[in-house]
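Try each one yourself before reading its solution.

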Amino acid sequence: MGTYITRRCPHCGYTLESFERKYYAIGPPLVNCPSCHQGIKLDHITEWGLKNIFQKIGFILITIYTTILYGFMGGIFLYAGFSYIFEYTIDNFHALICGLFIWVLYSLYHVFSLGKEIAESNNRLSDSSYRKKLEEAGFRIDQ
Ligand SMILES: [Zn+2]
């Protein structure tokens, strides 16, 4: 889930490649401009350890919403699609079961990949030179 936007370097005006805008994404919030090599702060990506409690709760709520939207709805559409192809009558109960089943699978996948992303993020933050670089750029690290 993301839209592409174009960003300019605040130091030299160089048009950066379009960054994928993932809301509440986890990742390094600092990139280097390919033209002037100065650091650019990103406002849409940050490390898990740099998020405050509200951002963390927001992140989890968005994740739950996404799994319901794509998992549950996806399961129901899948069921409806198959019923069209194989020409059987749509049964609401079976559609619900199919939706729940895909939702559970999708949620498990999400929890697994989110756990991996957070672990990788915490791993990056445990590097003291990386922390120093972030602090110099004005990021506040509480832990
Ligand atoms: Zn630049």
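**Exercise 1.** Count the helices and strands of the protein chain in this predicted model, and write down their order.

*Solution.* The protein chain has 3 helices and 6 strands. Reading along the sequence gives β-β-β-β-β-β-α-α-α.

**Exercise 2.** Describe how H1 and H2 cross.

*Solution.* Two packed helices are described by the angle between their axes and the distance between the axes. Here H1 covers residues 53–85 and H2 residues 92–125. Their axes come within 7 Å and cross at roughly 140°. Angles over 145 degrees would count as roughly antiparallel, and H1 and H2 are therefore oblique to each other. Their crossing is right-handed. Residues making the contact include Gly71, Gly74 and Gly75 of H1 and Cys98, Gly99, Ile102 and Trp103 of H2. By type, the contact residues divide into 15 nonpolar, 9 polar and no charged.

**Exercise 3.** Which residues of H2 are buried, and what do they pack against?

*Solution.* Look along H2 for the buried positions: Cys98, Gly99, Ile102 and Trp103. These buried residues pack against H1. For the spacing, recall that an α-helix has 3.6 residues a turn, so residues three or four places apart point the same way.

Definitions and conventions:
Residues numbered from 1 in each chain as written. Predicted model: local features only at pLDDT ≥ 70, side-chain atom pairs only at ≥ 80, totals over all residues. Axes fitted to C-alpha atoms, helices over the stretch in contact; angles between N-to-C directions. Helix = DSSP H or I, 4+ residues; strand = E, 2+ residues; numbered from the N terminus. Parallel < 35°, antiparallel > 145°, perpendicular 65-115°, else oblique. Left-handed = near helix turned anticlockwise from the far one by under 90°. Contact = placed C-beta atoms within 7 Å. Nonpolar A, V, L, I, M, F, W, Y, C, P; charged D, E, K, R; others polar. Buried ≥ 20, exposed ≤ 12 C-beta atoms within 10 Å, placed from the backbone.
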